[in-house]
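Please examine the sequence and the structure shown here, and then read the report below.

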Amino acid sequence: MRTVLIVEDEWAIADWLEVLLSENGYNVLSAGNGREALDILHRETPDLLLTDFMMPFLDGAGLVAAMKDNPATRDIPVVVMTSLLESVVRDRVAGYRAYLRKPFREADLMKVVGEILG
Amino acid sequence: MSNEGDRFSTGIPGLDTILGGGVFEGGIYIIQGAPGAGKTILGNQICFAHAAQGHQAFYVTLLAESHARMIGHMRRLEFFDEAAIPDRMSYVGAFKTLEDDGLRGLLEVVRREVRTRKASILVLDGLITVHEKARSDLELKKFIHELQTQAAFSNCTMFLLTSSLDPQTSPPEHTMVDGLIELQTSLHGRRAERELQVHKLRGSWFMGGRHSYRIAAGGVSVFPRIEALLETPSVWDGADGPMVPFGIAGMDKMFGGGIDTHSVTVVLGPSGSGKTTAGLQFLCGGPADQPAMWFGFHENPMALQIKAAALKLPLDARGDSISLLWRPQTEAILDEVATELLTAIKARGVRRLVIDGIDGFAKLTDEKNRVGSFLSALCNELRALGVTTLATAETDHAGITPGQPLAGVNQTGLSAVAENIIALHLAALRSETYRLMSVLKARNRRTDMRMRRFDIVEGGIALEIDQRGAEDILRGLSSQGAPPPPSPDPKLTGE
């Protein structure tokens, strides 16, 4: 079973993503911000990371930068989910695989996840 | 957002005036209101105004709408600036932290984010959730106290947004914060009017009572109550200056050479008596390069231009020196309309003003006891700004009672606002209807108060040179019998 790590500070969105991905056969891990995500990444190696952009303690840009610095996590594909324009993400996040503009539809999410995880 | 000492502007039009100059740096303010009152828009608008000045703003949500939806809604408002996010304005959700780690966890989020982002404004949207999560009043008080400490030491001004609580109880945090602003909606008949009230502001005078606000494309705009704002005029009224021409041949002579520069003249009369014509002549009667303005509730600019052209008055020829403002009364807010008027006058340097239908202001509010003081404050401000004003007001069609030429004209309440009062009458004599004019009042001036007959011709009002024509009509009226007694007219009484 493929594992997806959700990094999202808005609990309602995080809950919705957890349910949705679980129902579609994925194992789901969840973190409320980038700092919590790094803690999880010390002990787990997910197949995909879905991250929000603006979060407390450590935002999406900081999280991805930290992942890219670590050989153990640098190859985990990252999807950035945000209501901001992709140009904002592109300027601040290096090496993300896909971008989802919030609010997105279930089908859009599953399409992106499916394309990355096969 | 401009800084002035340890205070700074909220960036909300009108709010700083009510707050006596903005909020204090490092202070904590509660913004309270029912759902739909506009708290979230107000919070975002304050943040974006701050970010527009190059400062850092930070928006924390608890159980509020999702950031995606919020940003989607804010995008429709003019203050929203996509480029400010995330470097100068950022959003984080902290409900999960509050759920998992309680009030201390939330404090840690605030402390860390304020420090790392160097935020000088923080909005916490959903204080009611903190209230619900707190196990006791003491825990809530400790939370507010620690927040105050953080705000003071980091020089970050905090706005806590919360839904209205039980009005019978005073939440403990109200006694601790530096300011309390309430947003509410009042129903006036079927019409809803938004109102803002500052209940508390530590360390500063503030304008008490309720003030109207509106949420439009530009965000929230607050309109201070005019009679509170202009309790004394904004500038010193020199009350001097030369007499100015009225613009109607013969009128200046009746007034002993013209009217005072700093004066308000009210022209009363029933529909069709010539009030608008008198106003147009007054408007065009000043020096060609002197800024003049028409402000009316009824006729739109096109209708006025057509009327002026029919009368051969040089309205079009005056070009930009005359501006025409039309403000339909539908859903307008009294203080908003007055603010618009005064702002336009100041911006254009208007020296000659016509208010067509001054009684229209009274129709913008259900609070009739406000109208007298409102008009008094407005007219005092116009005088202080050096504006010569002519205002029209409609009376009923009672006509003229022989021997009582002023019957049917209710002037109660006008004395306080007007130096001069002119009455226009319609007199039905057999099958003909005649127009008559009389001066009811001219403050500090020797005035010819004898009635004049007049016609409306090309060029406007043509006033007869003396009273004989008017006397002929009055004699004729006397022989054909008196009209029924006039009904009381409550307009402009302010009662």
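## Basis

This is a predicted model, in which local features need pLDDT of at least 70 and side-chain atom pairs count only at pLDDT 80 or more, while totals for chains, interfaces and linings use all residues. Residues are numbered from 1 along each chain as its sequence is written, and chains are lettered from A and ligands numbered from 1 in the order in which they are written.

## Contact between chains

Chain B places 20 residues in contact with 17 residues of chain A, contact requiring C-beta atoms, placed from the backbone, within 7 Å. On the side of chain B that touches chain A, H3 (67-74), E6 (89-93) and H4 (95-117) of chain B each supply at least two residues, and the largest share, 6 residues, belongs to H4(B). Helices (H or I, at least four residues) and strands (E, at least two) are DSSP runs, numbered from the N terminus.

## A helix pair in chain A

The axes of H2 (residues 34-43) and H3 (residues 60-69) of chain A come within 9 Å and cross at roughly 25°, so H2(A) is roughly parallel to H3(A) (angles under 35 degrees count as such). Axes here are lines fitted to C-alpha atoms, for helices over the stretch in contact, with angles running from 0 to 180 degrees between N-to-C directions.

## Backbone features

A cis peptide bond, with omega about -5°, joins Lys102(A) and Pro103(A), and Pro103(A) lies in the loop between E5 (98-101) and H5 (106-117) of chain A. The bond from Ile85(B) to Pro86(B) is also cis, with omega near 0°.

Technical notes
Two residues are in contact if their C-beta atoms, placed from the backbone, lie within 7 Å. Angles under 35 degrees count as roughly parallel, over 145 as roughly antiparallel, 65 to 115 as roughly perpendicular and the rest as oblique.
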